[in-house]
Amino acid sequence: MDLRIQKTEQAIKNAFIRLRSGKPLEKITVKELCALAVINKSTFYDHYQDIYALSEAMEKETVASIIESIGHLKEYTPDKSDIYTRELCLAFMSQSSLIKILFSGREQSRLGCLLDSAIKEMLFRKYPGFQDDMSRQVLISYCIQGAYHAYLNNPDADTDTYVRTVEEIVRCLKPLLKTT
């Protein structure tokens, strides 16, 4: 990618994060974003259809970053589900600032849903039988969404307590996640 395009892209994203940290998504205008990023509106529209498309692109990047930080997720096995859930918890913690900005207010539950879909898609490619097993799907959602909502609803929990507790819960669920 051309360096000028990269710089413009970064200026747009930085301006969006600054604006989003102070107000809801629906209150951000292209005009104010462009003023803050020091670009023309036409430049913004060369990159994104609207503010919502920008937000969605940044959300997808965040989900991809979280998934990439889960070591060896492509080698997932149900007998190691507690380890992968632990890594997911640590990924939330490492992206904490960005998560709090991008997924605040009405968007708070969105990250859990996006991660649930992305991780299941990966697991279904490896274990096609999981897709037809509703019990297993519910358990996987519970592990992903439960870890995320525990993170959201316990902001004062120290990292060790949060991660250890979620890992222990998933360890107890492990027998239900095993392949047959």
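## Two helices side by side

Helices α8 (residues 134-153) and α9 (residues 159-177) pack at an angle of about 175°, with their axes 11 Å apart. They are therefore roughly antiparallel to each other, a label for angles over 145 degrees. Here the axes are lines fitted to C-alpha atoms over the stretch in contact, and angles run from 0 to 180 degrees between N-to-C directions. Helices are DSSP runs (H or I) of at least four residues, and strands (E) are runs of at least two, numbered from the N terminus. Keep in mind that this is a predicted model, in which local features need pLDDT of at least 70, side-chain atom pairs count only at pLDDT 80 or more, and totals for chains, interfaces and linings use all residues. Residues are numbered from 1 along each chain, and side-chain values use heavy atoms, with hydrogens and water left out.

Who touches whom? On the α8 side, the contact (heavy atoms within 4.5 Å) includes R136, L139 and C143, and on the α9 side it includes Y162, V166 and L177. The residues of this contact divide into 14 nonpolar, no polar and one charged. Nonpolar covers Ala, Val, Leu, Ile, Met, Phe, Trp, Tyr, Cys and Pro; charged covers Asp, Glu, Lys and Arg; the others, Gly among them, are polar.

## A closer look at α8

Helix α8 has 20 residues and reaches 27 Å from its first C-alpha to its last, close to the expected 28 Å. That expected span is 1.5 Å times one less than the number of residues.

Among the buried residues of α8 are R136, I140, I144 and Y151. Buried means under 20% relative accessible area, exposed over 50%, and partly exposed in between, with a 1.4 Å probe and protein chains only. The cover over the buried residues of α8 includes α5 (81-94), α6 (96-102), α7 (110-126) and α9.

## Cysteines without a bond

How many disulfides does the structure hold? There are zero, where a disulfide is a pair of cysteine sulfur atoms within 2.5 Å. The sulfur of C143 is 9.9 Å from the closest cysteine sulfur, in C89, too far for a bond. C143 is buried at 8% relative accessible area, and C34 is buried too, at 3%.

V38 lies in the loop between α2 (30-37) and α3 (41-47). Its phi is near 55°, a positive value in a residue other than glycine. Most residues other than glycine have a negative phi. V38 is exposed, with a relative accessible area of 71%.

## The whole chain

The chain has nine helices and zero strands. Buried residues make up 43% of its 180 residues.

Key:
Parallel < 35°, antiparallel > 145°, perpendicular 65-115°, else oblique.
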